[in-house]
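Please keep the sequence and the model in view while reading.

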Amino acid sequence: MTARRLDAGGRIDRTRRIRFAWDGAEARGFAGDTLASALMASGHPVVGRSFKYHRPRGIMSAGVEESGAIVTVGEGARAEPNVKATAQELYEGLSARGQNAWPNVRWDAGSVSGLFGRFFAAGFYYKTFMGLPPFEWGRGTGLWMRYEALIRRAAGMGAASREPDPDAYETAHARCDVLVVGSGPAGLRAALTAAEAGRDVILVEQDFELGGDLLSDPSEWAARDEMVAALEKAGVRVMLRTTAFGLYDHGVAGLVERVTDHLAAPDPALPRQRVWTVRAGATVVATGALERTVAFAGNDRPGVMTAQAAATYATRFGVLPGERVVIAANNDSAYGPAAVLAGAGAEVTVLDLRDAPPDAPDGVTVRAGRTVAEAHGARGVTRVRMARPVRDGFAGAGWLDCDLLCMAAGWTPVVNLGSHRDVRATWDAGLATFLPGPSREALHFAGAAAGVWDRARCAASGEAAAKRAMGEAAPAPEPGGWERPIAPLYEVRVPDVTRKSFVDPQHDVTASDVRLAHREGFVSVEHLKRYTTLGMATDQGKVGNVIGLALMAEALGREIPAVGTTRFRPPYTPVSIGALAGRSVGTHFRPTRRTPLHDWNLAHGATMTDAGLWRRPWFYPRAGEGIAEAYVREAATVREAVGICDVSSLGKIAVQGPDAAEFLNRVYVNGFLKLPIGKARYGVMLRDDGFVMDDGTTWRLGEEEFLMTTTTTGAGRVMVWLEELLQTRWPELRVHVASTTDAWASVSVAGPRSRETIEACLADGSDISDAALPFMGVARMRLANGTEGWIARISFSGERAFELFVPALDGPGMMDLLWPEAERRGGCLYGLEALGTLRIEKGHVTGAELDGRVTLDDAGLGRMASTKKAFVGDALRRRSELERDDRPRLVGLFPKDRSATFKAGSILHAPGEAEGMGAGWVTAVTHSPALGHWIGLGFISGGAAAWDGRPAVADDPTRGGSCEVEVVSPHMFDADGGRMRG
Amino acid sequence: MAEVTVSEIAAPRLTQIAAWPDALAEAGSAVAALAGVEAAPGPGLSATGPGGTLLRVEPLKWWWLHDGTAAPDGLAVVDLSAARVHVALSGPGARDVLARLVPLDVDGMAEGAVASTLSHHTSVTLWRAPEAWRLIVPRSYAADYRAMIDATAATVRVGS
Amino acid sequence: MIRLDCPFCGTRDHAEFAYGGDGSVTYPPLDAPTGAWHDAVFLRDNPKGRVVETWHHLHGCRMWLRVERDTVTHEVFSVRPAHPGLAEALE
């Protein structure tokens, strides 16, 4: 290919020169160029190397179906592989390079693999070294693993950067009455029709200019400009550089907008790309059609491209792709490009397969009854061999020198978006193409996407589609538009030519691969696709699908429609995963929930940790302390003096109404109907299937007023459950539930000095003596600073303890009163780690034990279950398998050697029986200040009674380590609970 | 590019009032009297009077924004004042910020409209108040969500 | 992306909702025998095509809904409040 920039013409702005880099060397172009047109004009015929065979590749098209000019754009963390140079807008400073080649695409050492092409046919990956000749001796040797690693490195497309993506992305929402995809003649007319009828219209165009096909025809530019102005006046929302990558249920479309990919120095506040979710009343698909090529020997050489693409380079970009042009055609559409190229100064010969072709345009030679059989030329086409049809195929018919071979073998409507919505494509033999079938949804095809080939009727087609989108009847123009019919052609083979002919150039799938698949028994089109990987590259088969189907049909001896088609799936073109994630990355991957005491905790030295979505204090290290020293000190201080812990993240649900007590009575396993006002009760609730769902304390604040607390991570689940019960099962109950988790700041004040600490902070006249506020009592509270709230005598730590609840914003003020009083009494602040230690010592269960697989009896809470009332889960917890004696039961664990440690997650088993699932597992471990050694909680088959006197082993095969343990009661400290009372 | 102002409204009072399904009309009257409006607002609407504003957030629930007085008997009342953070969004760019934040037809929300939805994994209530758009966010999520609003507003201020 | 027509909130994306379960199940009284509860909790017909489901408008009005939907085409035929009293209240 000896391309050159034309002196005049094109839509490029010749006053704005652009410098860019290609493979490290400086190159030049103009504003309005794509990277492909600029490379073409700069004399770079070879811009890529193919996937398997490392064959030199050039520019094959002018659109997103590009299969040759696939390059890497950008440097470092912003390097993006597999960019189609034909779709990349040129900008100042753009840096691009070839990929899948060493040292570069022009002189790639990898091309040596082409010499072994015979061994790399379709399916070689699955067969070599795995038992088939000629490498059957490799089976079972492990050689496959090693050769596979080599192949992986040799084959491939571009390489992605390993660095984090420095760009930000965004997601956004929109709605419209009519969404029009594509701004060619049909799309522009459709958008204008709907907008002028008063509809809210969004017009989406993947290119950087509106116009589609019109951009390649200078005679249409004035009319195109008028249309664009009219669209703006009519209020159409135009989205350029935006691809509709998928259509989804209920009129939803996914769009990706390239916000800054074309800017040299974008504002850092802008996202690089933006993904839109559009909810459209109706959608018009005016996505055009792609020109087809033919499979013949050497059809992937640089210098072979589709005819319309060649014309586009001349008219839109002002680059003549070649001086001596051969166009192999089987339909009328070749003649427009032939005239354009001749008019730009090239010598043009059209080989028309048909015996009675149209008249030759000026400067064009037409040879009837001819097509192309071979293209030759190592780094670019230098000559082609003609072919003429004979009875059973083709025969050679002489040679032509040329530097550009164009293919015009028909059109394939871009039906992908319809395929996303189950629109079946039907084969039209007369047009030798697939046309989109009907849709049950508000989805309307227009223009070339509907098989309309001539421009005037494309506009009419767009108008009709818009009318149908608005609910009016409007017949669609008939597909077609050629004067003379097409002569279908998919492959040219002449005897004795064995050089490769490509069907899917991106994946190096050849015509012989398709025939091989058929010979090996893969007769379904779905198997053809997956076995050969035809259609599985980044173009999703835009180039090769129809040819592949035609070859398969021939092999099967059937017609194309009988072979079937695979479905296209989103995305239409590749979408960056970062764009889909939008702002939900890094720390924002999930929301972070903070308690009202968050800043106060940090200011007082808390080291924080994640508990579900919440940030909670983990421990409060003093100088020189790590976590181990801190939590041991904190736990000991709570038992000896007093400690304060932020428990604001616990779920809190207001349960109100005349039937509130009855409701709670049904939901909990134990009785709540007669809970007195001013008392709290620990409750456990089960799922329908009899397993424990959650636990917490519920307080009765009034006759019809309760406050339910749940675990931190169970809060949402319980709230949903309560709403489900009330709305779907027991609508007769008059109960309202409302989440009040965020309304309160709450702390646990625990330890022998807890009461005096709190008393020092209460308003005058307050009485929280044991008589006034006994164990599990609840009362209104007034702090010395006037803040009103609740105080409940509840203990999770096992010490004398109180939970204080104040409105969230008053939390820090409460802490400013409490903390000095605690500190003066030798107290401390304590976090999750010490909270865990205290509860493990007591054998109090948390989500670590109540993990959804555990029954009431497993957790040792069977006696809580009421025998006097029915409750959720009661029926199914009585299944015989759940009542077996050997079920895993909650136990405490001591290391036999008191100085040893073991880990949560370890498997428990009898000594010498380290097999299968073992006899149980460890749920939580800690050093126990109260007992002076490591302890744990866990579950073991049969419970402590079954292991009395028998040692077990806590085994950690993945992290290493095993420890002999004694199985004891889970209540390892203060078993009778005396410390909580009085 | 469009100007956007984001600000937090200081400590507004918010009381949730829930009705029984078979006594919705009576509850509506009681609630309307609290706010001093003619009628309690229907689904997705608000009503403002001398006694405050009512937002109809659920089939059986209103949110009463007010300056702090008692609520009527016979209804389930919960004080959610501390449980929510109110963020006001105003300026020509506010609409574009909302188009990025919430999956709602913002242009279809007339003044006074109320809608609860999902935004950046957070349950939020959007109210088109007379002076500005207002996002009502659960307090525990608010710091994180505010960061999302601010980042989005920064983008809209620059343009697209 | 299924869109559901919530009777209170209007048409919303499915992300605002949480799927509940099989809406054709009637749960027995709490004191019914284990066998009845077993059938209600574990046995499902799993038809291909039109089904009745419960959905929860978790991030909207928190109403539980009864939805008739085709599991193959995703066409939604009706969306009603699960609570019979609410259906009247919304009229």
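This is a predicted model: local features need pLDDT of at least 70, side-chain atom pairs count only at pLDDT 80 or more; totals for chains, interfaces and linings use all residues.

Begin with strand β48 of chain A, residues 933-941, where eight of the nine residues are buried.

Which strands are joined to β48(A) by bridges? One is β45(A), residues 888-895, which runs antiparallel to β48(A) and is joined to it by six bridges. In this pairing, Leu893(A) stands opposite Gly936(A). The other is β47(A), residues 920-928, also antiparallel to β48(A), with eight bridges between the two. Here Trp921(A) has Phe939(A) of β48(A) as its bridge partner. β47(A) and β48(A) form a hairpin with four residues between the strands, and in this hairpin Gly932(A) adopts a positive phi near 80 degrees. In a regular strand, side chains alternate between the two faces of the sheet.

Now take chain A as a whole. It has 982 residues, of which 54% count as buried. Its secondary structure comprises 23 helices and 50 strands. The C-alpha trace spans about 110 × 75 × 55 Å along its principal axes. Among contacts in chain A between residues at least 6 apart in sequence, 65% join residues at least 24 apart.

Next comes the nonpolar interior. In soluble globular proteins, nonpolar side chains tend to be buried together. The largest nonpolar core in this model holds 241 residues, and the most contacts inside it belong to Val178(A), Val180(A), Ala191(A) and Val284(A). Strand β9 of chain A, residues 169-181, gives this core its largest share, eight residues.

What does Val178(A) touch, leaving out residues up to four places away in sequence? Its contacts are Ala194(A), Arg199(A), Val201(A), Ala280(A), Gly281(A), Ala282(A), Val284(A), Ala466(A) and Ala469(A). One of these, Val284(A), is itself listed with Val178(A) among the residues with the most contacts inside the largest core.

The last stop is the contact between chains A and C, which takes 23 residues from chain A and 24 residues from chain C. On the side of chain A, α18 (715-729) and α22 (874-877) each supply at least two residues. The largest share of that side, six residues, comes from α18(A). By type, the residues that chain A brings to chain C are nine nonpolar, three polar and eleven charged.

Key:
Residues are numbered from 1 along each chain as its sequence is written. Chains are lettered from A and ligands numbered from 1 in the order in which they are written. A nonpolar core is a set of buried Ala, Val, Leu, Ile, Met, Phe, Trp, Tyr and Cys residues joined through C-beta atoms within 7 Å. A residue is buried if 20 or more other C-beta atoms lie within 10 Å of its own, exposed if 12 or fewer, and partly exposed in between; C-beta atoms are placed from the backbone. Two residues are in contact if their C-beta atoms, placed from the backbone, lie within 7 Å. Two strands pair if DSSP finds at least two bridges between them. Ala, Val, Leu, Ile, Met, Phe, Trp, Tyr, Cys and Pro count as nonpolar, Asp, Glu, Lys and Arg as charged, and the others, Gly among them, as polar.
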